[in-house]
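Hi everyone, thanks for coming.

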Amino acid sequence: MRVEVTLSVNGAERSATIEPRRTLADFLREDLGLTGTHLGCEHGVCGSCTVLVDGASARSCLMLAVQARGAEVTTIEGLADHGAMGPLQAAFRDSHSFQCGYCTPGFLMTAVELLRENPHPTEAEVRAGISGNLCRCTGYESIVRGVLLAAERGA
Ligand code: FES
Ligand code: FES
C-alpha cells in the first residue's frame with residue numbers, strides 16, 4: 001500500500017507517494033532530496049536528524065512522514081539566506097563549531113528552537129539546550145561558543 005503525503009517544507013508545498021512506514025527523515029532525504037538532514041543512530045539518541053515540525057524540534061528518524069501531513073517542516077536547507085549561509089550558520093562557521101560536520105545540521109536546528117525560546121541564553125542554558133544532541137568530534141566547547149555568538153549577534 002502507498003499513500004500520498006503533502007506537507008510544507010521550508011515554505012514550499014511538497015508531496016510524494018510513499019509507503020506508510022516511511023520515516024520523516026527518509027522522506028526528506030530520499031523522496032525530496034533534502035540530504036542536509038543527517039541520520040546517525042536512527043533510534044532517537046543522537047539528534048543528527050533534528051528538524052522543526054510546526055516550529056518544535058523533532059527527531060525525524062522517530063517520526064513517520066504521514067504524521068507530518070499538513071505540517072510546516074523546516075530543515076537545515078531552510079536556514080540558508082538566498083543560497084548563502086544564514087546568520088546562525090555563520091556564527092557556527094565563525095566559531096569553528098564543527099569538525100566532521102555530521103552532527104551540525106541537528107545542532108543548528110536545535111539552536112533555532114533554543115534561541116527562539118531564549119534569545120539571550122547563559123552558557124549553562126546553552127549547554128542544557130543542546131544536551132540532547134551528540135557530537136563525536138568537538139568536545140562541545142566550540143558548539144556552545146557558536147550558539148552564544150549567534151545570540152550575541154541576534155541571529
Ligand atoms: S538519527 Fe535520529 S536521533 Fe539519531
Ligand atoms: S563535528 Fe563530527 S560529530 Fe560533531
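Let's start with α3 and α5, which are oblique to each other because their axes cross at roughly 40°, and oblique covers whatever is left once angles under 35 degrees are called roughly parallel, over 145 roughly antiparallel and 65 to 115 roughly perpendicular. Helix α5 covers residues 141-152, and the two axes come within 11 Å. Axes here are lines fitted to C-alpha atoms, for helices over the stretch in contact, with angles from 0 to 180 degrees between N-to-C directions. Helices are DSSP runs (H or I, at least four residues) numbered from the N terminus.

Before going on, a word on the source: this is a predicted model, where local features need pLDDT of at least 70, side-chain atom pairs count only at pLDDT 80 or more, and totals for chains, interfaces and linings use all residues. Residues are numbered from 1 along each chain as its sequence is written, chains are lettered from A and ligands numbered from 1 in the order in which they are written, and side-chain values use heavy atoms, leaving out hydrogens and water.

Back to our pair. Which residues of α3 and α5 make the contact? From α3 come Phe107, Ala111, Leu114 and Leu115, and from α5 come Ile143, Val147, Ala150 and Ala151, contact meaning heavy atoms within 4.5 Å. By class, that gives 8 nonpolar, no polar and no charged residues; Ala, Val, Leu, Ile, Met, Phe, Trp, Tyr, Cys and Pro count as nonpolar, Asp, Glu, Lys and Arg as charged, and the others, Gly among them, as polar.

Now bring in α2, residues 87-94. The axis of α2 comes within 10 Å of that of α3, residues 104-117, and they cross at roughly 120°, so this pair is oblique too. On the α2 side you'll find Leu88, Gln89 and Phe92, meeting Thr104, Phe107, Leu108, Ala111, Val112 and Leu115 in α3. That contact has 7 nonpolar, 2 polar and no charged residues.

How do α2 and α5 cross? Their axes come within 8 Å, at roughly 135°, which makes α2 oblique to α5. Here Leu88, Ala91, Phe92 and Asp94 of α2 meet Ile143, Gly146, Val147, Leu149 and Ala150 of α5. The classes are 7 nonpolar, 1 polar and 1 charged.

Note on methods: Helices (H or I, at least four residues) and strands (E, at least two) are DSSP runs, numbered from the N terminus.
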